[in-house]
Amino acid sequence: RKDDKNMVYRIGEYHSLLLNKYKLPIEHIVIYLGTSPSKMKNTLRKNEIYTGFMTIELNKLNHQKLLTSQIPEIIILALLSQVKENDLERVLKLIIYKLKKLSKENRISEKKYINQLMFLARLRKFEDEAHKIINDMNLEYEIEKDSFYLKGLYKGKIEGVKEGEYNAKLSIIQNCFDNGIEASVTSKITNIPIDKIEEIYLELSKN
């Protein structure tokens, strides 16, 4: 009965849900029951219409170009780029060297970016190589706060989680904790009972 200034956006949400479910063309109709003329916006501007997304395939990017950046987060992405197995050690050393140099020049936290690097190394199953190079280069890395270490710390606390999912679950819990996400939300995300999440949160807060 009243104009809804956000109706066009709500319809957009419905459109996405219905299209995802039925994969059919959709026509939307809103029946307005008000007595005065409707002032509702019923058309999206051109730049508001979703037409698709751009895909960036990190494994096809040139690591050498990424390593020329002065932005730590971009440099770290070189680990996920087009790196051959026999070139892995060299690229890892270059990434770590640049992170250390930028941290010193800009007075930013070296540990923060080394921790991010280790998280990405785990996605590519390079964590052993990365950890060895970090030790060899005498860099500070908080292993006690790392999910690779936590696997041993919390082993047996999460029942019903397959071995292959274990690291992934703990990485998610670690990230949720670091970003201040409540245990109840983390429980829903990981499908792990909230009492177990609270146990791990407690241990993380101690560490």
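1. Surface. In this predicted model, the chain has an accessible surface of about 14900 Å². Carbon and sulfur atoms account for 53% of that area. Of the 207 residues in the chain, 31% are buried.

2. Secondary structure. The chain contains ten helices and zero strands, so by the run-based assignment used here the pattern along the sequence is α-α-α-α-α-α-α-α-α-α. Among contacts with a separation of 6 or more, 50% join residues 24 or more positions apart.

3. Main core. The largest nonpolar core comprises 25 residues. Leu79, Ile95, Leu99 and Leu117 have the most contacts inside this core. Two or more residues each come from α3 (72-76), α4 (88-106), α5 (110-123) and α6 (127-136). Helix α4 gives the largest share, with seven residues.

4. Leu79. Which residues does Leu79 touch, not counting those up to four places away in sequence? The list is Leu88, Leu92, Ile95, Leu117, Leu120, Ala121, Arg124 and Phe126. Two of these partners, Ile95 and Leu117, are named with Leu79 among the residues with the most contacts inside the main core.

5. Second core. A separate core of nine residues is also present. Its members include Ile173, Ile192, Ile197 and Leu204.

6. Nonpolar patch. On the surface, Tyr14, Leu18, Tyr22 and Leu24 form a nonpolar patch. Together these four residues have about 380 Å² of accessible area. Leu24 is located in the loop between α1 (7-22) and α2 (63-66).

7. Salt bridges around Glu48. The structure holds seven salt bridges. Side chains of opposite charge can pair when their charged atoms come close. Lys41 and Glu48 are joined through their side chains, with an N to O distance of 3.1 Å. Arg45 also forms a salt bridge with Glu48, and here the closest N and O atoms are 3.0 Å apart.

8. Are Lys41 and Glu48 buried or partly exposed? Lys41 has a relative accessibility of 26%, so this residue counts as partly exposed. Glu48, with a relative accessible area of 25%, is partly exposed as well. The cut-off matters for both, because buried means under 20% relative accessible area.

9. The side chains of Lys93 and Glu89 meet in a salt bridge at 3.2 Å, N to O. Both residues lie in helix α4, four residues apart, which is about one turn of the helix. Lys93 is partly exposed because its relative accessibility is 39%. Glu89 falls in the partly exposed class at 47% relative accessibility.

10. Asp4. Where does Asp4 lie? Asp4 is in the segment before α1. Its side chain reaches the backbone nitrogen of Asn6 at 2.9 Å. The side chain of Asp4 also makes a polar contact with the side chain of Arg10, at 2.5 Å. Leaving out residues up to four places away in sequence, Asp4 touches Arg10 and Met40.

Terms used
Residues numbered from 1 in each chain as written. Predicted model: local features only at pLDDT ≥ 70, side-chain atom pairs only at ≥ 80, totals over all residues. Heavy atoms only, no water. Patch = residues over 30% accessible without salt bridge, like charges linked within 9 Å, V, L, I, M, F, W, Y side chains within 5 Å. Areas by Shrake-Rupley, 256 points an atom, 1.4 Å probe, with all protein chains shown as cover. Core = buried A, V, L, I, M, F, W, Y, C linked by side-chain atoms within 4.5 Å. Buried < 20%, exposed > 50% of the residue type's maximum accessible area, 1.4 Å probe, protein only. Contact = heavy atoms within 4.5 Å. Polar contact = N/O pair within 3.5 Å; in protein donor to acceptor, adjacent residues only side chain to side chain.
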